[in-house]
Structure formats: C-alpha cells, structure tokens
Amino acid sequence: MTTSAAASVSLPADWRDFLALTKPRVMTLVVFTGLCGMLAAPVPIHPVLGFTAILCIALGAGAAGALNQWYEADLDSKMRRTQKRPLPAGRMDRQSALHFGVGLAGFSLALMYFAINLVATIILAVSILFYVFVYTIWLKRRTPQNIVIGGAAGAFPPMIGWAAATGDVTLMPVLLFALIFLWTPPHFWALALFVKTDYANAGVPMLPVVAGERSTRLQIGLYTLPMVAAAILPWPLGLAGAFYGWSAVALNALFLALAALVTFRSSGADDAMVPEKRLFKYSIFYLFLMFGALVVDRWWLA
Ligand code: HEM
Ligand SMILES: CC(C)=CCC/C(C)=C/CC/C(C)=C/COP(=O)(O)OP(=O)(O)O
C-alpha cells in the first residue's frame, strides 16, 4: 500500500475516473459469462429480474476492481500498464476509492438479495471477497500461484447467473466455473511473459519473474489440457448439444495449437513475443465464443 499516491492528488476526480476504477474492459467478459450462465440455465428468468441480476454482477465486479485499485495504488504506480489509473496518476485519493468500492459492493449484494435470491447473493459475495482479500491482499504479493488460486474469483459469474435463474447450483455451472478457472492461467501467463519486466519492477512475484520463462511456458501447456477437457465435457455428459460440442472442439483445437506454440518455444532477449501475444488475445475471443456457443445451442438449436 502507498501513501505517496495520496500525497500527489490533484482533485477532483470525475465520473471517468470512477468508471476506470471498475475495470470496465475486463468487466465486459465477466458480465458476458454471467449472462450466458443465466441464459444456459433450464429455468427461464423474467427479463427484468435477469437484467437486475446482471447489473448486480457488473456492480459487484466493479466494486471488486475499485477495491483492488484502492489496495494496490503503490504497485500500479510502478507499472507502465497501470500508471495512468486514477490513484497512481493522482486524480483521486485512496479514501474515495475505498468508499466507492465498499458502497458499490454493499449495493450490489443488497439488490441481489432483495430482488433475486440468497444463493446468487452468497456466490457474488464470495467472488468479491475472494478477489479483494484472497487474491489482491493475501496472495498477489506473496506467491506465483496467486492467479491460480485467486483467479477463482473471476470464474464465479456464470455460476451466479445460473443461480439467479434457478436458485441452485448443479453440475453444469460447476463445469463452467472449472472452464474459467483453468482458462485463467494460460490467459494471464501468456500476457505475463510479455509484460514480465513491469511485474519485476513492481516486485510482484508473477510466475515468469520467479520461476522463469521455461517453467511458465510449461505451466501454460499443463493448464490448457484440463481446460480443454472441462470445455468439451458438457457435450458427452448431455448437458449441451452438438452445436456447442463441435464449436468447443474447434475453438479448443485452436487454443491447444496456440498454447503448444508458446509451450514448445524458447525465446531470446529481444523477442517480440508474437505467439504469446496471439495466445493472450485469442484467450479473450475464445471465452466470448465458448459462452456464446452455449447460449446459441440452448436457445436456438436445442
Ligand atoms: C487472476 C486472474 C486474472 C488476471 C491476473 C488477469 C490479468 C489481466 C491483465 C493484466 C490484462 C491486461 C489488460 C489490462 O490492463 O487490464 C487482462 C486483460 C483482460 N482480461 Fe484478464 N486476468 C484475469 C482473469 C480474467 C477473467 C476471469 C476475465 C473474464 C472472465 C478476464 C478478462 C479479461 C479481458 C476481457 C481482458 C482484455 C481487456 C482489454 O481489452 O483491455 N480476465 N487480464
Ligand atoms: C463477480 C465478481 C466480483 C468478479 C470479480 C472478479 C474479477 C473482476 C475477475 C477478473 C480478474 C482480474 C481483473 C484480474 C486482474 O488482475 P490484477 O488485479 O492483478 O490486474 P492489474 O494488474 O491490472 O491490476
């Protein structure tokens, strides 16, 4: 944590700074997977309630992003990628970020509880607490396994969407959780390979910094294999149909190929890291398409 970010504050922050605190670009995928989890559920939800549940996921994820930035303004000020965020850039004081984050978290949970149901509220609370306390405060600065364990926070949204519609959690939302959980390491470590120096400068023990490139490449490959299995499994288990199944086979074959290129590659110091950048970009596209295929399969082709 830092006090220096607060010392150079030039207030007031405007709405764009509060929006930036919520990490809106990452949130698009969080919200999309939550929406698809909700639409994949066997019980239809009233559109107004469905919209409310998705709003709660968006606000909860935004709150988690704000609390993450409240806690790690010192780290963000040391990395090129994050230096322009409202706190390290001095456009907002830490207390405002804290109040905003806590207020938004409280509002999203209260709305989820009163408008939707207890199960969805509990999972939303767990994901916010997990991202803030387990990932950001506890693990991120201590272990290169930070994103494996802490990354679970980002895997909950489809389960929250499903629970909002059905009030319970069955095998399918658990598989969707497993898919994002196992996707997170290749998603993040591909990026960490080409922004390694940023993390090293900030003293964050991300895998390429601590264990080296070789080991990171191997672990990307090792997590991709069970991810592929979790992605395809709903088809043979009869939880999704052939459209989902064939889409999953194609999308996962490409993921596997790109991950293999990264895994079996050794790079030099002045390397442009093209395969790593390609895998990172594809990982985002992949998750959008996998969840999109699930909904198309359930609504139009079942
Ligand atoms: C601990 C787990 C994760 C870590 C450490 C991580 C880290 C990152 C980082 C550092 C970026 C670079 C862009 C930026 O500056 O924000 C990024 C991009 C992105 N991540 Fe992740 N991520 C994680 C999990 C997730 C999850 C669970 C999702 C959604 C399901 C997600 C969705 C995205 C998206 C959509 C982008 C692109 C954003 C853009 O276009 O700027 N990430 N991630
Ligand atoms: C529903 C709900 C509460 C979801 C919240 C979970 C969530 C937003 C997951 C995404 C994970 C994420 C943005 C990690 C970024 O890592 P980082 O914080 O280390 O990235 P940074 O270096 O960009 O700050």
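How many helices and strands does the protein chain have?

1. The protein chain has 15 helices and zero strands. Helices (H or I, at least four residues) and strands (E, at least two) are DSSP runs, numbered from the N terminus. The structure is a predicted model, in which local features need pLDDT of at least 70 and side-chain atom pairs count only at pLDDT 80 or more, while totals for chains, interfaces and linings use all residues. Residues are numbered from 1 along each chain as its sequence is written, and chains are lettered from A and ligands numbered from 1 in the order in which they are written.

2. Overall dimensions. The radius of gyration of the protein chain, taken over C-alpha atoms, is 19 Å, which agrees with the value near 19 Å for a compact globule of 302 residues. The globule rule used here is 2.2 Å times the number of residues to the power 0.38. Along the principal axes, the C-alpha trace spans about 60 × 50 × 25 Å.

3. Of the 302 residues in the protein chain, 48% are buried. A residue is buried if 20 or more other C-beta atoms lie within 10 Å of its own, exposed if 12 or fewer, and partly exposed in between, with C-beta atoms placed from the backbone. Among contacts with a separation of 6 or more, 74% join residues 24 or more positions apart; two residues are in contact if their C-beta atoms, placed from the backbone, lie within 7 Å.

4. Domains. The protein chain is divided into domain 1 (15–167) and domain 2 (170–297), with bounds that come from an automatic or database domain assignment. The centres of the two domains, taken over C-alpha atoms, are separated by 21 Å. In the contact between them, 27 residues of domain 1 meet 26 residues of domain 2. On the domain 1 side, the elements that give two or more residues are H3, helix H8 (146–150) and helix H9 (157–166). H3 provides the largest share of that side, seven residues. By class, the domain 1 side has 16 nonpolar, five polar and six charged residues. Ala, Val, Leu, Ile, Met, Phe, Trp, Tyr, Cys and Pro count as nonpolar, Asp, Glu, Lys and Arg as charged, and the others, Gly among them, as polar.

5. Backbone points. Most residues other than glycine have a negative phi. Lys-23, however, has a positive phi, near 50°, and lies in the loop between helix H2 (15–21) and helix H3 (24–40). Lys-23 counts as partly exposed because it has 18 C-beta neighbours inside 10 Å. Phi of Met-273 is likewise positive, near 55°; this residue is in the loop between helix H14 (242–263) and helix H15 (274–300). With 19 other C-beta atoms within 10 Å, Met-273 is partly exposed.

6. Pro-24. This residue is found in helix H3. Pro-24 is partly exposed, as 14 other C-beta atoms lie within 10 Å. Pro-24 and Thr-216 are 192 residues apart in sequence and 28 Å apart in space, C-alpha to C-alpha.
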